[in-house]
Amino acid sequence: MTQDLGIAGRLAKSFLNSKLTPLFIAASLAIGIFAIAIIPREEEPQIIVPMLDITTSMPGASPAEVEERVTLPIENLVHQISGVEYVYSTSSPGQSLVIVRFLVGTPQEDALVKVYSKLYANVDRMPPGVSQPIIKARSIDDVPILAMTLWGAHYNGYQLRAIADEMQHNIAQVSDVSQTAIIGGLPRTMRVVLSTAKLSAYGLSPMVIVGHLQAANASVQAGQFSENNREVRVDVGNIFARREDLEAVIVGVVRGRPVYLRDVADKIVDGAADPSDYVVYGTATANHEGARQYPAVTITVAKRKGTNATDISNAVLKRVHEMQGVTIPSDVTVTTTRNYGETAKDKSDELLEHLLLATLSVTLLVALFLGWRESGVVLLAIPVTLALTMSVFYFLGYTINRVTLFALIFSIGILVDDAIVVVENMVRHFRLPENHGRPMSEIAVEAVAEVGNPTILATFAVIAAVLPMAFVRGLMGPYMRPIPVGASAAMLFSLLVAFVVSPWAALRLVGRHLQGAKVLEPETENWRTRLYRRIMTPLIQSSRNRTLFFIAVFVLLLISVALVPLGLVRVKLLPFDNKSELQVIINMPDGTPLEQTARVTQALGEELARQPDVLNYQTYTGTSGPYNFNGLVRHYYLRRQPNQADIQVNLLPASQRKEQSHAIAKRLRPLLDAVGNAYGARIQVSEVPPGPPVIQTLVAEVYGPNLAGQTQVAQQIKSIFQHTPGVVDTDWYVEDPEPRLVMHVDDVKAAEHGIAVSDVTHALALALSGTEVGLIHDPISREPVPAIVELDRADRSSEQGLENIRLPGSDGSMVSLRELVTVEHETIEPSIYHKNLRRVVYVTGDVAGAEESPVYAILKMNKKLDRLILPSGYVLARYNASMPESTDHYSMKWDGEWHITIEVFRDMGIAFAAVLVLIYVLVVGWFRSFLVPLIIMAPIPLTLIGILPAHALLGAFFTATSMIGFIAGGRHHRAQLDHPRRLHRASYPRGNAVSGSGDRCWCHALPSHAVDCGSRCRRRKRDS
């Protein structure tokens, strides 16, 4: 052979008859199997985005004072830290919460050290009366992977809590379990309920009782002494271990006789604490148990970073199974209400099934058009390539999650190309008459060398197309990055396998079979070549035909692009996912008591129980349920107010229901709204987003010079939200008016009676919240058992009851609070919110209806916002991708999913522009021509002629994943140009060289059909 073999030919020649080739195949498959077995499986990708909650208290301060004295200084300090992307804050009465979010990829330990160092180096800047900041780091590893709900027909929350305590102790011992938590139930307490009448009779005050109890529950190690050559330790004091120990405490002396606690206490209860939340497990009509509700307790389990969620959840469930009938009574049911380990395993198993279906379908397609021996070569190349790609994921530290699964599925569509091109060309060369009698090895090397260069060019062009996606910023970055990494690795390994494994296998499966044949098929034009020539010849020979053809293509392109503004193709960030869980967020008016919130939650649960797709549900009133990544970003774990609740809804498995979860959420929303409206509740149906979570799908951030004006503008924007079709779940971050009593102590009167102001404040705090006087020392109790002193509920449930509280004066007389305080009726000041040091008012909403994308809802609302009337004649400036530079005038920024959509499509557009430059430079270097690359790149935008009408016909959104396919498309026309150039160099006329390339067109069309065949198998499986 005299021709230059190139890289492809030299590789094929080296491994064609090498003993290392089968070893390479076996080693690749072994590494892939090992990687699949050992790579951790989890639901969410390992997104490193540290979020730190900084909580500081300033008792008695108003939100405005907290904002000025506490929040702003902390915000200014943390905003100076490098790597901080957003600083959110909430200034509430007496409380400050600052949330610091770092850039994606910042190590959490570095973020913690920076924040701690910054705050504690400037702790002297905090005013007196402000507590030390409490800093808590939050990350995706805090999201529970497993939730188990305990319930039973004959058990209450107190009994279930005791069982859950023992379970939690055992579960925490399982390897790689990070955090466990118990939600709901009533913990054990020792409650001393005082009677104001008895206290008055003995001339005692509540604070005197507290002082005596605290003094009586004290024990210390006094020291030790030596006696009889031994050290003896001396402990002195008393501790509370039983209820009788408290009853016997002397709290005073009246007329020379001791007064015991049992004499002044209305009762001393060793049992359940007063309920501060309610957790209920509900069954649905779809369940064989029928629709019922039971008191419940939920245990959540989180895992350590980088560990296998499937293994941990299985180990925990095994441990729980072992406890049933021993620690867990036989009539207590433990229902697994979340198992991300199982869903992660199901998805990875589904991926393997998709890979198998795609491989078999592609193999069958090749067998139909090339022959069963040729299909065997492809059947060998696919698993080898996938195995090597999986090994790359393992060595790079990726886990198997819903993002890396998409990357692998995306890779399926491109890894078969090279093998098919090489095998088809080898078969063609084996059948050429001029190759009859020549050594098959020599023919094989020539065939590989012929298509090697264009195949390498096409491969690196696709890699250049997908690699820029690795530079997408923000939360979407970790969702996109596995795609270019996986696709690039798959392409490189596909190229390697095509030049090493495919020639080796084709020579043995196809070459030897043809070598044994007596007569080879003559190389004649087949029907594909004749059809291609018939189409191309008129275009080549007639300038008029070429002009009409170009005009037709241009018109088709315009029509295709016009489908987007016409609304026939809708744009969205990511397509909806089909999950088996939903969350219903309930917000009652501020000031609503816990019991009323529980009533509306129960009514909503009863409505859910009637739905055929609901398997079960759990209601969490006054506390937050097990949060997911979406809830982590939205800080749902802070929802612990009496007017707040949420419902975790578990749907039937996807295989047992006809509708997808998004369609179910749309159907449930008006039903739940009708129930919530009857109670004055605001309902939000929260779905698990397919991509990065945001505060809400639609978020309008209102900035301005003063809070009152911002609130007025936000109220008008909220009204626009409510009256825009397709916008649902409208809410805003402005609290409802909530009454409060302000009791001012008269210093003069208090001093006349010898009563300090602190005595009054402590007495009222004890009356309303109770005062802990120590622990009950019970060694068998898993949870601490506090001893709490409180007043009877009747004495602390009204203004009159509080005023009747009596304190002893210096002269021994009992003085009621009515004589010492004046009462004012006011409302609680609303919280003040900041974002990046700017005061902001949030208006939120979601989209549901004919147009499911926030793009179209925002376009509708922008028209109404243009007509908005603002205070003092201001014009409302609107921002999309950036925040306003100044708050001197009223302005609004669209955030939520819209902000991420802009970021993603902006970065993807920049990536696409970079792709065009990279491909142009690459092709110029290959063909040594400035014109040929333009010819090759011209068809790239023409792929929209197929992409956009297909989206319109299928009713699919044009999403970021569609953009990925658009960028990565157009692979084969780069390689298709090489064959007519080769013929032209061999003295073929230019027209004949082009029209005679029909068989090569088929060579590149077959992989495209193979990709389509594999993707259809995946789509059918997914839709089912």
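In this predicted model, the contact between helix 15 and helix 28 brings together Asn 453, Pro 454, Leu 457, Phe 460, Ala 461, Ala 464 and Ala 465 from helix 15 with Val 915, Leu 918, Ile 919, Leu 922, Val 923, Trp 926 and Phe 927 from helix 28. Sorted by class, the residues of this contact comprise 13 nonpolar and one polar, with no charged residues. Helix 15 spans residues 440–466 and helix 28 spans residues 897–927, and their axes come within 9 Å while crossing at roughly 160 degrees. Because angles over 145 degrees count as roughly antiparallel, helix 15 is roughly antiparallel to helix 28. The crossing in which helix 15 passes helix 28 is right-handed.

Helix 28 also takes part in another feature of the model, the lining of the largest cavity, to which it gives two or more residues. Nine cavities of 30 Å³ or more are counted in the model, and the largest of them has a volume of about 400 Å³. Its lining is made up of 30 residues, and those lying nearest the centre of the cavity are Glu 687, Pro 689, Pro 690, Thr 697 and Glu 897. Besides helix 28, the elements that give two or more residues to this lining are helix 21 (629–634), helix 22 (661–679), strand 19 (682–687) and strand 29 (838–847). Strand 19 gives the most, with four residues. Taken by class, the lining of the largest cavity holds 14 nonpolar, eight polar and eight charged residues.

When residues up to four places away in sequence are not counted, Thr 196 touches Leu 791 and Asp 795.

Definitions and conventions:
Residues numbered from 1 in each chain as written. Predicted model: local features only at pLDDT ≥ 70, side-chain atom pairs only at ≥ 80, totals over all residues. Heavy atoms only, no water. Axes fitted to C-alpha atoms, helices over the stretch in contact; angles between N-to-C directions. Parallel < 35°, antiparallel > 145°, perpendicular 65-115°, else oblique. Left-handed = near helix turned anticlockwise from the far one by under 90°. Contact = heavy atoms within 4.5 Å. Nonpolar A, V, L, I, M, F, W, Y, C, P; charged D, E, K, R; others polar. 1 Å grid on protein atoms, 1.4 Å probe; cavity = no way out; pocket = protein on both sides within 12 Å on 5 of 7 lines; lining within 4 Å. Points joined across faces, edges and corners; volume = space filled by probe spheres on them.
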